[in-house]
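Trainee: I would like to learn how to read the features of a model like this one. Please take me through them one at a time.

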Amino acid sequence: MPNLQERGYLLTEQVNPDSLHLDQLSSVEMVSLFNREDEKAVAAVAAAQLQLAQAIDVAAERLSQGGRLFYVGAGTSGRLGVLDASECPPTFCTPPELVQGIIAGGAGALVRSSEDLEDSTADGEAAIAQRHITQLDVVVGITAGGTTPFVHGALNAARQRGAKTIFMACVPTEQVRFDADVDVRLLTGPEILAGSTRLKAGTATKLALNILSTGVMVKLGKVYGNRMVDVAVTNQKLRDRALQMLQDLTGLSREAAGFLLERSGKWVKLALLMHWTGLDKDAGDRLLAKHQGNLRVAVASHKNDSETSK
């Protein structure tokens, strides 16, 4: 375990020479400085492309077998994990248990400071035990400085249970080493406000989690082309989005698209399958289930079966 008493050597704790006079800058100068520094967050994610791709493949493979994806973190890192997990159900119509966020201190830590709770390795281990992590699951440990005991405890406990582990940090491996199946380093450098990793490190982490969760859902067949065909139609905005997708992809009028959407049980993916294959709702459901919800594969399979039967 890294020395938690002396952390000044960590990249995320160092002083940024470009912001030494932050308190003397005008508002315009300050915004310009932030903008230049934020570009480094994008560059850091670009430098970790191969590792992020590996993380997508590992997670998609486990989830396709019935596993779950967990994000574990404390403070900003934990909040970002919970945020990403909470956005999967409305975007991809996934059950809440498929992607879950675990933050040191529990739900209360989302709205109030509880950074002292990140120092417990045992709490991280307990969080894994409470969720009955198995060899089918994937656990992503998010820790900007790489040293958070809560995250280390959770990842080690998950690994002991046979789960796949992904370590995501903003310090180089020579500063903090950790044995995980995938090691993602987002090297954003010293913060404008020294040590405030909610800034560049947080931005890079959000970008990386966007890529990871969206990539996994694409692999799981939750997307057709670049459309979120598994979107949960739960309000007027999402209904409009669903109708736009149906109109664009089928050429139907808005009225006809609305009728098709209702017949499908407000499921865009099934509506498209019904339109393209002529199947009714029940038959379409069965075909999608047969192909693990992959619309493109299901449509191709039906086409091949139809041609074979001629």
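Trainee: This is a predicted model. Against which elements do the buried residues of H4 pack?

Mentor: They pack against E2, E3 and H5. In helix H4, residues 121-130, Gly-124, Ala-127 and Ile-128 are buried.

Trainee: Now a strand. Which residues of E3 point one way, and which the other way?

Mentor: In a regular strand the side chains alternate between the two faces of the sheet. From E3, Val-138, Val-140 and Ile-142 point one way, while Val-139, Gly-141 and Thr-143 point the other way. All of these are buried. Strand E3 spans residues 138-143 and is mostly covered, with 6 of its 6 residues buried.

Trainee: How many residues of E1 are buried?

Mentor: For E1, 5 of the 5 residues are buried, so the strand is largely enclosed by the rest of the structure. Leu-69, Tyr-71 and Gly-73 point one way, with Phe-70 and Val-72 pointing the other way.

Trainee: What is the order of the strands in the sheet?

Mentor: The order is E2-E1-E3-E4-E5, an open sheet of 5 strands with parallel pairing. Strands E2 (99-103) and E5 (182-185) stand at the edges and have a single partner strand each, so one side of each lacks a neighbour in the sheet. On average, neighbouring strands of this sheet are turned by 15° against each other, direction ignored.

Trainee: How do I follow the pairing down to residues?

Mentor: E1, residues 69-73, pairs with E3 in the parallel sense over 4 bridges. Tyr-71 stands opposite Val-140 in E3, and Val-72 has Gly-141 of E3 as its bridge partner. E3 is also joined to E4 (residues 164-169) by 6 bridges, and these two strands run parallel. There, Val-138 stands opposite Lys-164 in E4, and Val-139 stands opposite Thr-165.

Trainee: How many bridges join E1 to E2?

Mentor: There are 5 bridges between E1 and E2, which run parallel. Gly-73 has Ile-103 as its bridge partner in E2. From E1 the chain crosses through helix H3 (residues 75-92) to E2, and this β-α-β crossover is right-handed.

Trainee: Which elements make a β-α-β unit with E3?

Mentor: Helix H5 (residues 149-160) and E4 make a β-α-β unit with E3, and the unit is right-handed.

Trainee: Next, aromatic rings. How many aromatic pairs does a search of the whole structure find?

Mentor: A pair of aromatic rings is described by the distance of the centres and the angle of the planes. The search of the whole structure finds 2 aromatic pairs. For Phe-167 and Phe-178, the ring centres are 4.9 Å apart and the planes are at 20°, so this pair is stacked. Phe-167 lies in strand E4 and Phe-178 in the loop between E4 and E5, so the pair ties together parts 11 residues apart in sequence. Phe-167 is buried at a relative accessible area of 0%, and Phe-178 counts as buried at 13%.

Trainee: And what are the values for Tyr-224 and Trp-276?

Mentor: Tyr-224 and Trp-276 form a tilted pair, 5.4 Å centre to centre with 45° between the planes. Tyr-224 lies in the loop between H6 and H7 and Trp-276 in helix H9 (residues 268-277), so this pair ties together parts 52 residues apart in sequence. Tyr-224 counts as buried at 18% relative accessibility, whereas Trp-276 is partly exposed, with a relative accessible area of 31%.

Trainee: Is Lys-222 buried or exposed?

Mentor: Lys-222 is buried, because buried means under 20% relative accessible area and its value is 18%. Its place is in the loop between helix H6 (200-219) and helix H7 (236-250). Not counting residues up to four places away in sequence, Lys-222 touches residues including Phe-92, Met-217, Asp-230 and Lys-269.

Conventions:
Residues are numbered from 1 along each chain as its sequence is written. This is a predicted model: local features need pLDDT of at least 70, side-chain atom pairs count only at pLDDT 80 or more; totals for chains, interfaces and linings use all residues. Side-chain values use heavy atoms; hydrogens and water are left out. Buried means under 20% relative accessible area, exposed over 50%, partly exposed in between (1.4 Å probe, protein chains only). Two strands pair if DSSP finds at least two bridges between them. A crossover is right-handed if, with the strands pointing away from the viewer, the path from the first strand over the helix to the second runs clockwise. Axes are lines fitted to C-alpha atoms, for helices over the stretch in contact, and angles run from 0 to 180 degrees between N-to-C directions. Contact means heavy atoms within 4.5 Å. Rings of Phe, Tyr and Trp (its six-membered ring) pair if their centres lie within 6.5 Å; planes under 30 degrees apart count as stacked, over 60 as edge-to-face and the rest as tilted.
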